[in-house]
Amino acid sequence: MKKNSTSPQSDNHTQLNNMIPLLAVSSKPLIDTFITPKLEDLNRSMSSYFKTHKHDYWENQFSEYIKRTYTKYSNINTIAFNNQQRQLKDLYIPLTIEDSEGLRKITIEEYNDDFLPTYERVLITDTAGMGKSTLIKRLFLSIVEHNKGIPIIIELRRINKEKTILDEIIDQLSPINENINKNFVLDLIARGDFIFFFDGFDEISIDDRSVVTADITDFVNKASANSFVITSRPEPALTAFGDFKTFSIHPLSLDEAYDLLRKYNNNGPISDLLINKISEDLANVYEFLTNPLLVSLLYTAFEHKQTIPFKKHIFYRQVFDALFELHDLSKGDSFNRAKIRKCQNLSIEEFHQILRAIGFLGLQQKLKTEYTKDEIIDIIRKAKSFCTGLDFKESEFLSDITSAAPLFAIDGIYYKWAHKSLMEYFIAQFIYLDSKDRKEKLLLNFYSDELEKYLNTLDLYKSIDPKGFRDVIIMKFLDEYVTYCENTYTGVKIPIGDINIRRAILFQYDIVLIKYKISDYGENGARELFKCTLEARNKIRLGWSISSKSYKSGDEALKVVFSRNKNQHLLRFLLTFSDYVLFEDVNSVPYNDIILNIPVGKAYVLNDEKKSIFNTKTNFSKINNLLLSVISDGYLIISKEKAKLFIEEIKREQERESSFFQ
């Protein structure tokens, strides 16, 4: 029989080999290059405080920090291996990032001068599971290996009203509680050569959001000689970082997804079998292959059952089943691997029910994903009280979800969901299975200005209950759209076809136009244009993704700043239910350097004001063509009349259902 390519013996051998480059990495070059010169300079200018903390103290603090954190980020816990640690480099697929204008793509295999320090302030935004945290951990390792600066990763979910960024930095430099002068540390940082990664802006508690945002802004300003990278799912509050260059992570190609699958199986037979099955039905599974997290979960699900689930919620359920049952399919058939689960009296469905309640309790805490031991024990206790009739010890359940069925991972003193999307799956399941007559209210609670935080949860719910999603979320969306159309551009003497295009675009996007003369914007003028752009951003509704595009004609240029709001994403959901029947075909004329007769250096919000220069007969259709050209990632124009018919059809269907139960 062929030896299993991922046997315990080979794993141990691999882990031993992986330690060799780790042990070879020295922090001394970094300290000699970036810390010692600053300490010498400070020694000549600082007070007696510094002289009581000599060079060797601070050099040792930074040296220990580099060694400790390099070791930490060299390993990753992955669900594909039941949260057992693996070397990050062994599983990392170089990710490609793309700027918001679609003009620049950079592949991040390791530290890249085209990325850092070319861009000193970077914002990486993307949806769940695209690899944002993994990317910055890979950069951290490479910065150390290539002696490019002092990297520090700040997990923003741990910053709040009581704990500042500087507090967290001091904690990392000195894990043992010690009285360290904050001003001295800030002075050291302000001298440059640090690279700060602020990871997970979207995981900051909503209650702490404004305070932490102000703390980040203040810290960046005080330490402006350094480089900064913020990662986040799309969030309206990210507009506070308007001077950061925005990138997103490019979806994996098919070859990259296959390479990642082979890495998970160490080029073994399971990955080959999975890739063959994918190729037989690529269209149905393609969505999972563009996202690194979903690729890893696909491997986990397939290893368990050797079938490919095509619906997202079934996909996550199969992953849960695999983690709960811990099947080993590496020899071609399944058998129960020896394991100890302390809550043996709980069935798999009862286990699932408790996790649904735990997920919902996290939702009530503003999607909190990480807890101290006391906090998670309290949450399990509350979940137990909700799940009437189930008897188990909270401490034993906690042991099970971190070891036997590792939905949670331990990170120092914290317990956190192995990935936020797992929590969102259980929230969606709770709303569908456990919320009873509160279901509609809970779904509508997501439909707010903070909708961006719940997009993945809604996507999972849509997979579980497409009809319920349609009757609540899509109905509200279409009703708002019809109301919007009936109350905008009234009394404007413009062809109705052009008005409908403008309404449909502005329902999805907030748009600002800025005209400027190229000759006026030299080195100093560029700063003024940037300020004008910030002014434009402050005038729009802080949508979940902001981009800009410029058009030039001679010495004149027109800059378009546009922001996708929540409606733009909900429109994508709508495609699932309408199969394009609600949309109009649009034949736009290519934009051809139209420079409007408006003052330069001022931001103009596009709206339905009758006196606006953008709403004249001469300019209306030209502006439409400009907007259709700007929205290069595709646009969907909804028909108001078709939307009204769709609403009426759904209402008739609901009436038929009601009469059936009478």
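A: Two strands are said to pair if DSSP finds at least two bridges between them, and helices (H or I, at least four residues) and strands (E, at least two) are DSSP runs numbered from the N terminus. The model is predicted, so local features need pLDDT of at least 70 and side-chain atom pairs count only at pLDDT 80 or more, while totals for chains, interfaces and linings use all residues. Residues are numbered from 1 along each chain as its sequence is written, and side-chain values use heavy atoms, with hydrogens and water left out.

Q: What makes strand S5 and strand S9 a pair?
A: Strand S5 (residues 121–125) and strand S9 (residues 245–249) are joined by three bridges and run parallel, which meets the requirement of at least two bridges. One of the residues involved is Leu123, whose bridge partner in S9 is Thr246.

Q: Why is strand S13 described as largely enclosed?
A: Buried means under 20% relative accessible area, whereas exposed means over 50% and partly exposed lies in between (1.4 Å probe, protein chains only). Eight of the nine residues of S13 (residues 509–517) are buried, and the strand is therefore largely enclosed by the rest of the structure. For the protein chain, 55% of the 662 residues count as buried.

Q: Which strands pair with S13, and in what sense?
A: Strand S15 (residues 556–564) pairs with S13 in the antiparallel sense over nine bridges, and Tyr516 has Ala557 of S15 as its bridge partner. Strand S17 (residues 603–605) also runs antiparallel to S13, with three bridges joining the two, and there Leu513 has Tyr604 as its bridge partner.

Q: Why are helices H19 and H21 called oblique to each other?
A: Axes are lines fitted to C-alpha atoms, for helices over the stretch in contact, and angles run from 0 to 180 degrees between N-to-C directions. Angles under 35 degrees count as roughly parallel, over 145 as roughly antiparallel, 65 to 115 as roughly perpendicular and the rest as oblique. H19 (residues 439–446) and H21 (residues 466–486) pack at about 45°, with their axes 10 Å apart, and they are therefore oblique. The contact (heavy atoms within 4.5 Å) is made by Glu440, Leu443 and Leu444 of H19 together with Gly468, Val472, Ile473 and Lys476 of H21.

Q: What makes H7 and H8 roughly perpendicular, and which residues meet there?
A: Helix H7 (residues 165–173) and helix H8 (residues 182–190) pack at an angle of about 90°, with their axes 11 Å apart, and they are therefore roughly perpendicular to each other. Leu166, Asp167, Ile169, Ile170 and Leu173 in H7 meet Lys182, Val185, Leu186 and Ile189 in H8. Within H8, Phe184, Val185, Leu186, Leu188 and Ile189 are buried, and just after this helix Gly192 takes a positive phi of about 95°.
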